Amino acid sequence: MEAAAAPFTGHKRSSSFSLRCPSLNFLRLRRIFDLFDKNGDGMITIEEISQALSLLGLEADFSDLELTIKSHIKPGSSGLSFEDFVSLHQSLDSSFFGYDNIASEEEAANDIGEQARMRQEESDLSEAFKVFDEDGDGYISARELQVVLGKLGLPEAKEIDRIHQMITSVDRNQDGRVDFFEFKDMMRSVLVRS
């Protein structure tokens, strides 16, 4: 698996990558799977994963990606089923971060300490914010949100009124855009509600 993991090297453990609660992890993986499954056939092909990663700005060599993913596709299948996708996720989690299961993740999270967890969460949120803040001005505008939603292939990207509603729902100071603190509050409330 080490050679196959080459396109993803250099990543640090991210508190957003794997949540402590197994049911939240399952829900998050299901949502990701459904986003990647563009044609809705219940299978994710290597091409669909490659396209999704590319749209998110995460370029990966197709042959390396294929090598990593193929071992998780059941014989005779054209792609990853959801169960295969979960298996791939667990394998990558184990390979990159040294965790074999949820129990060992919880033990490691407890060892890290609350302050380190908070700093990592802040860093993760900052990186996520930068994905949306395309011009780097410290704010997410309706146009920037529309661009990112479009890249993800979400239908909301075509509805500017819906995008303005999204902005307004978290825009506490009512300046028509989302700053980092508003983004952080929104993301934390999404995780709590999930």
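The largest cavity in this predicted model holds about 60 Å³ of space. A cavity is here a set of points, on a 1 Å grid over the protein atoms alone, where a 1.4 Å probe fits but cannot get out. Grid points are joined across faces, edges and corners, and a volume is the space filled by probe spheres set on the points. By this rule, 1 cavity of 30 Å³ or more is counted. Helices α1 (22-36) and α2 (46-55) are the elements that each give two or more residues to the lining of the largest cavity; helices are DSSP runs (H or I, at least four residues), numbered from the N terminus. The lining, defined by an atom within 4 Å of a point, consists of L35, F36, K38, A52, L55, L56, K151 and L152. By class, 6 of these residues are nonpolar, none is polar and 2 are charged. The nonpolar class comprises Ala, Val, Leu, Ile, Met, Phe, Trp, Tyr, Cys and Pro, the charged class Asp, Glu, Lys and Arg, and the polar class the others, Gly among them.

Residues are numbered from 1 along each chain as its sequence is written. Local features need pLDDT of at least 70 and side-chain atom pairs count only at pLDDT 80 or more, whereas totals for chains, interfaces and linings use all residues; side-chain values use heavy atoms, with hydrogens and water left out.

Helix α2 packs against helix α3 (residues 62-70) at an angle of about 125°, with the axes 10 Å apart. Axes are lines fitted to C-alpha atoms, for helices over the stretch in contact, and angles run from 0 to 180 degrees between N-to-C directions. The arrangement of α2 and α3 is therefore oblique, where angles under 35 degrees count as roughly parallel, over 145 as roughly antiparallel, 65 to 115 as roughly perpendicular and the rest as oblique. In the contact (heavy atoms within 4.5 Å), α2 contributes I46, E47, I49, S50 and L53, and α3 contributes F62, L65, E66, I69 and K70. This contact has 6 nonpolar, 1 polar and 3 charged residues.

For helix α7 (residues 142-151) and helix α8 (residues 160-170), the packing angle is about 115° and the axes lie 9 Å apart. Helix α7 is therefore roughly perpendicular to α8. Residues A142, L145, Q146 and L149 of α7 meet I160, I163, H164, M166 and I167 of α8. The classes in this contact are 7 nonpolar, 2 polar and no charged residues.

Key:
1 Å grid on protein atoms, 1.4 Å probe; cavity = no way out; pocket = protein on both sides within 12 Å on 5 of 7 lines; lining within 4 Å.
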